[in-house]
Amino acid sequence: MTPRADPLTVEVVDLIGTVVARYYEEYEHAAAEHSLTGAQARVLSLLCVEPLPMRRVAQRLRCEPSNITGIVDRLESRGLVERRPDPADRRVKLAAPTAEGERTAERLRTSLDFAREPLGQLTVAERTLLKELLQRMLGIAPE
């Protein structure tokens, strides 16, 4: 039997849930301002980090590859994403942002105030500690 969480842990989990919900709400709003769905914005942002095969995009976003195909089709029709051969394996197609897709993703990133404003109220030391704690929670080795 799993032990019950203590009241402090429950409160922290609730606060994390509130932060996540607010982030997604603002992300959806910011995406809509750029005539994108939240899913389209997430795919575009991910592809701006590096071009990827659609199967890998689906793995990273934890969704079905067929969903990613539809999202990439819509982004491609808007001139934000293109498909290109993978230089390492020309049988594989990579989804990659166009120059306009990169500009759109950058405008989207700069329009997300929710995370920036509350974090701006923390000192550098507090933000560093928060980053380290989140990395530890996620099992990410500190930099």
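Helices H2 and H4 are roughly perpendicular to each other, where roughly perpendicular covers angles of 65 to 115 degrees. In this predicted model, local features need pLDDT of at least 70 and side-chain atom pairs count only at pLDDT 80 or more, while totals for chains, interfaces and linings use all residues. Residues are numbered from 1 along each chain as its sequence is written, and side-chain values use heavy atoms, with hydrogens and water left out.

H2 (residues 38-49) packs against H4 (residues 65-77) at about 85°, and their axes sit 10 Å apart. Helices here are DSSP runs of H or I with at least four residues, numbered from the N terminus; axes are lines fitted to C-alpha atoms over the stretch in contact, with angles running from 0 to 180 degrees between N-to-C directions. On the H2 side, the contact (heavy atoms within 4.5 Å) uses Ala-39, Gln-40, Val-43 and Leu-44, and H4 brings Ile-68, Ile-71, Val-72, Arg-74 and Leu-75.

H2 also packs with H1, at an angle of about 90° and with axes 8 Å apart, so H1 and H2 are roughly perpendicular too. Here Tyr-24, Tyr-27, Glu-28 and Ala-31 of H1 meet Gly-38, Ala-41, Arg-42 and Ser-45 of H2.

Among the patch residues are Leu-8, Ile-16, Tyr-24 and Leu-134, and Ile-16 lies in H1.

Methods: Helices (H or I, at least four residues) and strands (E, at least two) are DSSP runs, numbered from the N terminus. Angles under 35 degrees count as roughly parallel, over 145 as roughly antiparallel, 65 to 115 as roughly perpendicular and the rest as oblique. Patches are made of residues with over 30% relative accessible area and no salt bridge: like charges are joined within 9 Å, nonpolar side chains (Val, Leu, Ile, Met, Phe, Trp, Tyr) within 5 Å. Accessible areas come from the Shrake-Rupley method with a 1.4 Å probe; for residues, only the protein chains shown count as cover. A salt bridge is a side-chain nitrogen of Lys or Arg within 4 Å of a carboxyl oxygen of Asp or Glu.
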